[in-house]
Every structure is written in structure tokens, then in C-alpha cells.
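Here is a walk through one protein, for a reader who has not seen it before. The sequence and the structure come first, and the explanation follows.

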Amino acid sequence: MAESSQRPCADPAAVPVRLSQLAAGHTARLHTANLPAQDCALLGALGMTDRCVLRICKVGEPCIVQVQSTRIGLSRSVAEGIMVVPETAG
């Protein structure tokens with residue numbers, strides 16, 4: 001996951017939102033992370049890579065997300081720096 005990556009979404013109509021804005025149970029695809037390079041590297045090592053799918057397990061402090069079979073606790077400030085594209089049910 002590159003710092004402040006500006007890779008476009010696959011769906012041009014999709015609008016990125018802050019991870020912290022989603023409710024528990026929603027899924028989203030990672031879009032960008034406006035975080036220090038060290039934080040991006042750590043999150044990448046935990047599985048939060050470009051365009052991975054996240055499931056929101058808990059909102060608040062900490063925000064808990066699931067990436068594949070791993071759950072990750074994020075501080076509110078980190079969750080606010082992560083932009084995601086919500087997945088639509090289909």
C-alpha cells in the first residue's frame with residue numbers, strides 16, 4: 001500500500017469515503033491511505049494491500065476490520081486516514 005496512492009477505482013461512479021464513516025457489517029475495498037509511510041508499510045504487512053476487501057467488525061476506538069481471516073484494530077486517527085470504496089450488495 002503506497003502512501004497517498006491515487007490509483008483510480010475500477011468503478012468510476014464509486015465515491016471513496018473514510019473507513020471511519022462505515023457501519024459495522026459493511027464491506028469496502030481499500031482505495032487510498034493518507035498516512036505516514038511507516039503506517040502504510042505496517043498495514044500492508046498485516047494484509048491491507050492495494051484494493052483488498054475489508055469488513056467492518058466494530059466502529060469506534062478501536063475500529064476493527066477484517067482482511068481475509070485477520071482482524072486488525074485501528075485507532076480512530078488511522079481509520080480516518082484510510083479511504084475505501086463501499087461494496088454494493090448484489
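Two strands count as paired if DSSP finds at least two bridges between them. With that rule, strand β3, residues 53–58, pairs with strand β4, residues 63–67, in the antiparallel sense over four bridges. Within this pair, Arg 55 has Gln 66 of β4 as its bridge partner, and Leu 54 stands opposite Val 67. The two strands form a hairpin with four residues between them, and in that hairpin Gly 60 takes a positive phi near 110 degrees.

Where pLDDT is low, the predicted coordinates should not be read in detail.

Now to the fold as a whole. The secondary structure comes to two helices and six strands, and along the sequence these follow the pattern β-β-α-β-β-β-α-β. The six strands make an open sheet with antiparallel pairing, in the order β1-β6-β2-β3-β4-β5. At the edges stand β1 (17–18) and β5 (70–74); each has a single partner strand, so one side of each is left without a neighbour in the sheet.

Strand β2 pairs with two strands. It is joined to β6 by five bridges, the two running antiparallel, and pairs with β3 over three bridges, again in the antiparallel sense. Arg 29 has a partner in each direction: Val 53 is its bridge partner in β3, and Val 85 stands opposite Arg 29 in β6. How many of the seven residues of β2 are buried? Five are, so β2 is largely enclosed by the rest of the structure.

The largest nonpolar core has 21 residues, of which Leu 19, Met 48, Val 65, Leu 74 and Ile 82 touch the most other members. Two or more residues of this core come from each of β2 (27–33), α1 (37–45), β3, β4, β5, α2 (76–81) and β6 (82–86). Over the whole protein, buried residues make up 33% of the 90 residues. The protein exposes about 5,100 Å², and carbon and sulfur atoms supply 52% of that area. Among contacts between residues at least 6 apart in sequence, 68% join residues at least 24 apart.

The cysteines remain. A disulfide is a covalent bond between the sulfur atoms of two cysteines. How many disulfides does a search of the whole structure find? The search finds zero. For Cys 57, the closest cysteine sulfur is in Cys 63, at 8.7 Å, which is too far for a bond, because a disulfide requires the two sulfur atoms to be within 2.5 Å. Is Cys 52 buried or exposed? Cys 52 has a relative accessible area of 10%, and buried means under 20%, so Cys 52 is buried.

Definitions and conventions:
Residues numbered from 1 in each chain as written. Predicted model: local features only at pLDDT ≥ 70, side-chain atom pairs only at ≥ 80, totals over all residues. Heavy atoms only, no water. Buried < 20%, exposed > 50% of the residue type's maximum accessible area, 1.4 Å probe, protein only. Core = buried A, V, L, I, M, F, W, Y, C linked by side-chain atoms within 4.5 Å. Contact = heavy atoms within 4.5 Å. Areas by Shrake-Rupley, 256 points an atom, 1.4 Å probe, with all protein chains shown as cover.
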